[in-house]
Amino acid sequence: SRTFINIEKKLSVCNKTYALGLSLTLPLCTLTRLESCLDQPMGSSSVHEDVKYLPSPLPAEHYDADTTEPISCGLQTLEELLSWKRSEANPFNVAAVPLAPREPPLARCLHRTLVSHDMMGATIILIHYSQILLFILYLRSCSPSLLRFAQGTNTEAPYAFYHWQYIDIFNYFTHKMVTIPPAVWTNAAHKHGVVVLGTFITEWTDGAAVCEAFLKEEESYRAVADKLVQISYCYGFDGWLINIENPLSKVAVENTPLFLRYLTDQMHERVSGSLVLWYDSVIENGQLTWQNELNESNRMFFDACDGFFTNYNWTEQNLEWMQDYSGVQGRQADVYIGVDVFARGKVVGGMLETNKALEVIRKHKFSAAIFAPGWVYETHSDKTQFRKNQDNFWALLSDYLYIHRPASPLPFISSFCQGFGKAIYWRGQREATRSWFNLTAQEIQPLYYHTELEGQGSLEGQGWLSSRGCPEDAWNGGCSLLLDGLIPATHTSPVCARIFSLHVPLPSKTLVTLIYKPSTGIKVSLELKTTDASLCTHNVQDVKREFHTIHPVFIPPLSLFTQLCGSLSPDGWTVGCSQLELRGCDLREVCLNIQRNGQPQDTAFSCRVGEIMLLDVASLQVPPELVQGLCIYDVVWLRAAGTSPESTSLRLHLNATLRWDYPTHLVRHFRVYWRRLRGPDPRIPPGELVLVGRAYSNIFRVTELAVPEAPSLLELVVEPVIRKGFPVPESHWGRRSLSDPIHGSHILRL
């Protein structure tokens, strides 16, 4: 038997009232979360488990206390680090996306860019770092909820980073001793081939005590290094920025290079492509004295790891001296010159003159570490202008940055989603109308720019072309690519809008789809540029530089492609499909040609691009996989008021973790649904499937789902949305039911 919860003790959070200490405990699910999932017998028709309401067993460092939403969290103390166990790791903060290949790879980049991301509230939440050579993002005014929720969150006008093609390394920084990058940032960076670093930092008196404890001997510093390696390997990121911001004793400073070398060697052994960087802080005698350069006082640390991140108060004289310094020779790319975008202290450049700092850094052939590019967000009160401000800032730096090209084999798909928006779209239809943020949803980003179009034979009638993300309409995700501009009357050739710079090998048969909405008065065509012309055979319409140019001819979708391409004009979108037959080609650029219809005159235009997709035709014949092993665990029941302001009655809310097996490289996302199969009144037919949310890995936390009172039978459903675009038959979806048929007792049904 069971009684409903005592609701005398309540919390008020965001206009909702939660009863405290409610959880569903399944006797078979008493070990680790993975074991609890495996303990659900898949061969049985049903398993009956009594519900017991107990204090929630979910660890507070991984789940929000009020909603049970999974959150990101770092480690505060040396004791927490040394006691860390993989079996107790946060499953929601494990990156789902491996590091993608790109051209050129990091090892061949002679002038790298690192971005480092730091934020106010860093002692409470994790902060993200996005790097080209070294890029540090310092966001002090973002809402903490924006960063801590591992499955994303609902938020108006968030900060996000999406100029990944310009950077090499992304560092996520906070003032916790161990900062573990949130998986949403790691996933977005990895899709674009960007290496992600966490941060290990010690500061002030407490930091000095930590250093004396773990740097006292080989056994202790190896124990710390081993844990850092295990954490990086477990959570799927690529290395560490080591920042010792406190003085060291003689013994500690002598052991620091040994610690760095051991950590670096172990990271290289366990994590392919990993990096360990040292921040310019203490020197060889243990004093905390920022040098703003690499020299004999700090070279011992540089020699023991993969790179050196200088402090920000350097002058050009420091860089001139380092160019000839013997300790740098052969490793200039490993020296990252720090640039504070906030321009605090005596620095070169910063703010809207950050380009001046990069100009000097590139002049002397060093890498760059850009700190706090979130300046473009937090110093502007009108957050709705964030995209414009960010695009302008990176355009300012673009002359000193280098475009990196995705190099993964097909499929290549992008609907240009930036990981946030005002609504969530699928195939041009709104799935949900609300503001949201989840960088794991970000897709391969295009080139963003504003350029002038010269009229032929005249200085008058100058036109322009702009490429930017726009959330007002989308094909999939939260935004589309908007190309707009002005074609001068004297400009008679097509305007070529570069969308992607790639290094993608093409199969013998490639299906190309383009989805777009053009304004009136223009013609739009897709242009693909390839290399390896000596091996590549196709009908070449034009040759420019080393590129061969292909203009796919789009035809109405037929036979095999009908499901994929769908209607030609869904809600105003034009959908075109083309099959190319090539051999020995690498795709290097994707462009959209825009040309006016009619007589020469100044022509304003816009073209919204919803999606570009290239598929290997051979892959279309492969049948879809089945969702397998779906299980439900870590169930917590809450009684709370409804979401509407006038709602006063308490309702039952389900919170539960779903896990399943499916090849994640095949999917764009999963849709998670629920429905009522049976309620207290047997005359009411089963309900329709209701979308709960999107999952981007094989695990999803259902939170605050209002469900019918007992007795009732609920069904939770997982639908894979595969990258090829074909709908997966319902017979291949995952399903589990949750019921409470007798006296209010809840039963898990398989």
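The model is predicted.

**Stop 1: a charged patch**

Select Glu61, Glu79, Glu80 and Glu88. Together these residues form a negative surface patch. Glu80 belongs to helix H2, residues 78-82. Its relative accessible area is 33%, so Glu80 is partly exposed.

**Stop 2: a cis proline**

Go to Glu103 and Pro104. The peptide bond from Glu103 to Pro104 is cis, and its omega is near -10°. Look at the elements around it. Pro104 sits in the loop between strand E3 (102-103) and strand E4 (113-119).

**Stop 3: a covered helix**

Select residues 183-191, which make up helix H4. Is this helix mostly covered or mostly open? Mostly covered: eight of its nine residues are buried. The buried residues of H4 include Ala183, Val184, Trp185 and Thr186. Asn187, Ala188, Ala189 and His190 are also buried in H4. Then step to Gly193, which follows H4. The phi of Gly193 is positive, near 80°.

**Stop 4**

Pick Trp204. This residue is not a glycine, yet its phi is positive, about 60°. Trp204 is found in helix H5, residues 204-214. Is Trp204 buried or exposed? Exposed, because its relative accessibility is 70% and the cut-off for exposed is over 50%.

Now pick Ala372. Ala372 is not a glycine either, and its phi is positive at about 65°. Find it in the loop between strand E13 (367-371) and helix H11 (375-378). With a relative accessible area of 0%, Ala372 is buried.

**Stop 4: a salt bridge with partly exposed partners**

Select Arg299 and Asp303. They form a salt bridge, with the closest N and O atoms 3.1 Å apart. Color both by accessibility. Arg299 counts as partly exposed at 26% relative accessibility. Asp303 counts as partly exposed at 38%. For context, the structure holds 25 salt bridges.

**Stop 5: another cis proline**

Move to Leu410 and Pro411. The peptide bond from Leu410 to Pro411 is cis, with omega near 15°. Pro411 is in the loop between strand E14 (405-406) and strand E15 (412-414).

**Stop 7**

Select E17 (residues 424-426) and E18 (residues 429-432). These strands run antiparallel and are joined by three bridges. Tyr425 stands opposite Arg430 in E18. Zoom in on the turn. Two residues lie between the strands of this hairpin, and Arg427 takes a positive phi near 50°.

Asn476 in E22 is the bridge partner of Trp426.

Strands of a sheet pair through backbone hydrogen bonds. Show the backbone at this stop.

**Stop 8**

Select Arg668 and Glu443. Their side chains meet in a salt bridge of 2.8 Å, N to O. The pair links distant parts of the chain, 225 residues apart. Arg668 is in strand E34 (residues 667-678), while Glu443 is in the loop between strand E19 (436-437) and strand E20 (449-453).

**Stop 6: a link between two strands**

Select Glu589 and Arg498. Here a salt bridge has its closest N and O atoms 3.4 Å apart. Glu589 lies in strand E30 (residues 586-596) and Arg498 in strand E24 (residues 495-505), so the pair ties together parts that are 91 residues apart in sequence. Check each partner's cover. Glu589 is buried, with a relative accessible area of 7%. Arg498 counts as partly exposed at 31% relative accessibility.

**Stop 7: a network**

Finish with Glu431, Arg671, Arg694 and Glu719. A network of salt bridges links these residues. Side chains of opposite charge can pair when their charged atoms come close. Show the side chains here and trace the links.

Terms used:
Residues are numbered from 1 along each chain as its sequence is written. Side-chain values use heavy atoms; hydrogens and water are left out. Patches are made of residues with over 30% relative accessible area and no salt bridge: like charges are joined within 9 Å, nonpolar side chains (Val, Leu, Ile, Met, Phe, Trp, Tyr) within 5 Å. Accessible areas come from the Shrake-Rupley method with a 1.4 Å probe; for residues, only the protein chains shown count as cover. A salt bridge is a side-chain nitrogen of Lys or Arg within 4 Å of a carboxyl oxygen of Asp or Glu. Lys and Arg count as positive and Asp and Glu as negative; His and the chain ends are not counted. The place of a charge is taken as NZ of Lys, CZ of Arg, CG of Asp or CD of Glu. Helices (H or I, at least four residues) and strands (E, at least two) are DSSP runs, numbered from the N terminus. Buried means under 20% relative accessible area, exposed over 50%, partly exposed in between (1.4 Å probe, protein chains only). Two strands pair if DSSP finds at least two bridges between them.
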